[in-house]
Amino acid sequence: MKMRLLLLLLGTACLQGMFSQSYFQQEVNYTLSVSLDDIQHTLRGFESVQYINNSPDDLSFLWFHIWPNAYKDNSTAMALQLLESGSTRFQYASEEERGYIDSLDFRVNGGSIAWLPDDRHKDICKLILNDILHPGDTIIITTPFYVKLPGSFSRFGHKGQAYQVSQWYPKPAVYDRHGWNQMPYLDQGEFYSEFGSFDVTITLPKNYVVGATGNLLTNEELQWLEEKSKDTTTVQNIPASDHELKTIRYSGRNIHDFAWFADKRYRVLKGEVLLSGGRKVTTWAMYTEMQKEVWKDAIQYINDAIRYYSAWYGDYPYDNCTAVYGALEAGGAMEYPTITVVGNTNTAVMLENFIMHEVGHNWFYGVLGFNERKYPFLDEGLNTFSEMRYMTTKYPQLKLHQMLIESGAIAGKLNVDDLPFSDYYYYLYLLSARSNMDQPLNLTSEQYTSMNYGMIVYQKSALVWNYLLQYLGEEKFNNIMQQFYRKWQFRHPDPEDLRAEFEIACSENLSWFFNDLLNTSEKMDYAVKRTRKDQVLVKNSGRISSPLHIASLGGDSVLQEKWFTGFTGKQWLELPLKEAERIKLFNKSPIPEINRRNNTLRTHGLLRRIEPMDIHPLQILEKSYKTSVGIMPAIGWNNYNKTQLGILLYSPLLPQQTLEYQLAPMFGLGNRDISGMGRISFNLYPRSSMFQAFQLSLDARRFGQGIENGQSYKRIRGELLITLKNASAQNPVKKTVKLGLVSATERMRIYRKYAMDNFFATADIGYSNPKIFNPYRINLNFEANNDFVRSSLELNYTHAMRYAMNAISFRVFASGFLFKEYDMKDHYAIRLSGNSGIYDYKFEHLYLGRFEDITDPNRQALLSQQFVMNEGGFATNVPFAFSDKWLATLGVTLRIPKVPLYLYATAGTYSGAGDQIWDLSAEVSVESEKVAYETGVMASLGNFVKVYFPVVTSHDISEVNKALTDNYWQTIRYVIDFNAINPFKLKNRMF
């Protein structure tokens, strides 16, 4: 055994040595001078770059980043990515708000060279060298440059005369052991740059406060900042700029980027932190008046971040560390070497979290120069893990709600006051993972959906690294990370380098971590099943055989705890259970387990796996240690039950539940009868390349009919919804198949004493692309019962224009009967108008006056004007225009700029149109037209209420409305979409 171990160590050392010999990195040293024009919001600069070729290769060209061009127009990679993520601000930006870099004149060693923009990305260019750059050679590259600063759309730009100047100068792409790493600027996806030195001078009006990378060398400016740190003068608005200019100088070594921030309103705080080795680091905080309450302790946050990270991973290597407030749009904060920028924060906890996270990036990105674009889980993942570690170590009693809500009373009303802070990371991971929408951790930044970039790259990474820390123990984990830090500081390690460090130092098999948790989206889920004398039966319901931690608890005290090697299936595990009240799996801070609700088992009593009940009006988040039931008063109204009172019982809203329910039994005070509605659904997320999800649901409703015998209608629907998986998670297309069986009170028999039920089988095939620009949706429906088979096709398309995303919308509808037992002149006919309640024979929608018929002179007129935009989609009520053969319509809606008004027009025809005579009364008849049409104005109150005002209609529709009413206001119809305010429906649309 010892010999085998010795041979393994020798082999690993040899391989490591061979690998290390292939490693190299280029060196890039900058001299930069720049001046700010704060009237035109521009920069004029000149740079000299010393480029040292430490590679073993001859180079005939260099790739350069000219990243300000990412803000030039709508065709750049950043612009397209912002649009894909749902943001249209940049797409609609004016030319004045956009930015670029030009006036470039690249020279090498003083001589002119040719340079070419990249064929695909205008923020990348190629410098063609006149002479081969051999290994070991050095060249000097110079160029002037002019930058127009954009507005604040991402990380770079300005908001008025507040400036955040990052990725602002031409810089060489990294050439490493994998080749060239030229990359466009992205909002989602960060950077990768060569290490070297910077010598930077900045000229700008004298009253600007500047925070920047590196060390400030200008003594006069240092003294002024010292004075500012003692000044408590309030500056609310941006003051006028001094006519006098100043030039300040910064330098830095072993850094790979330089950023600076300038604002005339900045307050300044100064501090100092002493490292364990005796070296002092000067710390600075700069912020505006409006953020002064949350920033007042910012120096302490910076200092503590430096102390904790230095103790865990190795000493902070720079002399200064600064945090500034800025108008940031790309997330809450952003890191640069020795300086971080933070956007608006609501609470002190949030600010500390942001500051310490970004300060921490000086280790994971700054000193360990990971390729953030290619391996985002390394820098963001390790750093978010360290953030969670910092917050829970420094504040062990910190609660999740304190990140967003300082008031414990408000959090209590929301029923989230008892959740530990570490659950913040766990719940965000579950939002994606529970819905089977998560992605593996080993992807590049641009391969993630915008949701997964946050919930997987950050939050899942934090959980998996925390899992490894728990398993190895703090001392061993810290030792490995410190060794890795010493070996790779100021270099560019890869994931393989980090894995090698752990595997050299660990006798444990870590394949579960590096192969499964990091490289797949497989889920882990251990469940404790039962106990017997000093044994616990545990089942692995997941697909990852990772180490298992079990603890026996007495009250809140841990009596025994033990780690076990991972396994599949079920195993009886030895654990002393004397005096144990509960058995709990993974009793420490959270790990990426998909379900914690099966982790606890009481050793005695009934229902030992059921956690104590938590009944509360608001059940937003599931709790692993409680059986959560939401209970709220329910109130409703319709014209037959009148006011309805009852209760709403529901399962937690988030994250996705396997079993969901919303039950609202009520009692109608008007008809003195039981009413209400409910839904139960079972969600299954298969491990499949074809299927994304299965949802099996049952819902029912019962409400009054409004007739003399006082009966109520009922509807019960069972449904299977199948969501198909896309080949790429970034593909927004949604493909669904929905199969349903409906039992509904027969409408034709509704006036009989004993109403009967009718049964319908339905099938819907849906295909939609909800992209931000020009979304569309196609739905093919089939419906059948004993009397007919009917099919319909609906197409919806929305086209964007300069003034609005949803400027013009089109709807095409066509439907026909494939089979019918008899002529269906009214009952199940296809109607030209969108359905009012009386024609909703499957009781699919909610109406305030379902049985109010426009043809009934005794109707409640206002209630009869509610309809649903379905079938032919005419907003005007045309009760006599229907067909039992086929019908087709085309509708167009045009948004009026700057007001919530739309113009609409609809045209349609149907079997028999033009040949029918509508007898409205003994005296009045109307001849139908071949093509009916309507135009009007629609007022929209969000998606909840839409009101349609007819203006011009075809002659037959006009005559019908004249016969039915002489009051124009009674021809107005409205839609109320109750799903638009239903939190359960909204949640399902989002996740």
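Phe 586 is found in the loop between β30 (582-585) and β31 (600-602). The model is a predicted one. Phe 586 is not a glycine, yet its phi is positive, at about 50 degrees. The relative accessible area of Phe 586 is 7%, under the 20% limit, so this residue is buried.

**Other backbone features**

Asp 534 is another residue other than glycine with a positive phi, near 55 degrees. Asp 534 sits in the loop between β25 (526-532) and β26 (535-540). With a relative accessibility of 31%, Asp 534 counts as partly exposed.

Leu 654 and Pro 655 are joined by a cis peptide bond, with omega at about -10 degrees. Pro 655 belongs to the loop between β34 (642-650) and β35 (659-668).

**Helices**

The buried residues in α2 are Ala 77, Met 78, Ala 79, Gln 81, Leu 82 and Leu 83. After α2 comes Gly 86, which has a positive phi near 105 degrees.

Helix α5 (residues 298-313) and helix α6 (residues 348-360) cross at roughly 45 degrees, and their axes come within 9 Å. This angle makes α5 oblique to α6. Their crossing is right-handed. Helix α7 (residues 376-394) packs against helix α11 (residues 474-488) at an angle of about 140 degrees, and the axes are 15 Å apart. An angle counts as roughly antiparallel only over 145 degrees, and α7 and α11 are therefore oblique to each other. The crossing of α7 past α11 is left-handed.

**Salt bridges**

The structure holds 42 salt bridges.

| Salt bridge | N to O distance |
|---|---|
| Asp 73 and Lys 122 | 2.5 Å |
| Asp 319 and Arg 279 | 3.7 Å |
| Asp 673 and Arg 702 | 3.3 Å |

Asp 73 forms a salt bridge with Lys 122. Asp 73 is in the loop between β3 (59-65) and α2, while Lys 122 is in the loop between β7 (114-117) and β8 (124-133), so the pair ties together parts that are 49 residues apart in sequence. Asp 73 has a relative accessible area of 21% and is partly exposed. Lys 122 is also partly exposed, at 32%.

Asp 319 and Arg 279 meet through their side chains in a salt bridge. This pair links distant parts of the chain, 40 residues apart: Asp 319 lies in the loop between α5 and β22 (320-325), and Arg 279 in the loop between β20 (267-274) and β21 (280-287). Asp 319 is partly exposed at 40% relative accessibility, and Arg 279 is partly exposed at 30%.

Asp 673 pairs with Arg 702 in a salt bridge. Asp 673 counts as buried at 17% relative accessibility, whereas Arg 702 is partly exposed at 32%. Salt bridges that share partners also join Arg 679, Asp 699, Arg 715, Arg 717 and Glu 719 into one network.

**A nonpolar surface patch**

Tyr 767, Ile 778, Leu 793, Leu 795, Tyr 797, Phe 810, Val 812 and Leu 890 form a nonpolar patch on the surface, and their accessible area together is about 590 Å². At least two residues of this patch come from each of β42 (788-801) and β43 (804-820). β42 gives the most, with 3 residues. Phe 810 lies in strand β43 and is partly exposed, at 32% relative accessibility.

Note on methods: Residues are numbered from 1 along each chain as its sequence is written. This is a predicted model: local features need pLDDT of at least 70, side-chain atom pairs count only at pLDDT 80 or more; totals for chains, interfaces and linings use all residues. Side-chain values use heavy atoms; hydrogens and water are left out. Patches are made of residues with over 30% relative accessible area and no salt bridge: like charges are joined within 9 Å, nonpolar side chains (Val, Leu, Ile, Met, Phe, Trp, Tyr) within 5 Å. Accessible areas come from the Shrake-Rupley method with a 1.4 Å probe; for residues, only the protein chains shown count as cover. A salt bridge is a side-chain nitrogen of Lys or Arg within 4 Å of a carboxyl oxygen of Asp or Glu. Helices (H or I, at least four residues) and strands (E, at least two) are DSSP runs, numbered from the N terminus. Buried means under 20% relative accessible area, exposed over 50%, partly exposed in between (1.4 Å probe, protein chains only). Axes are lines fitted to C-alpha atoms, for helices over the stretch in contact, and angles run from 0 to 180 degrees between N-to-C directions. Angles under 35 degrees count as roughly parallel, over 145 as roughly antiparallel, 65 to 115 as roughly perpendicular and the rest as oblique. A crossing is left-handed if the near helix is turned anticlockwise from the far one by less than a right angle, and right-handed if clockwise.
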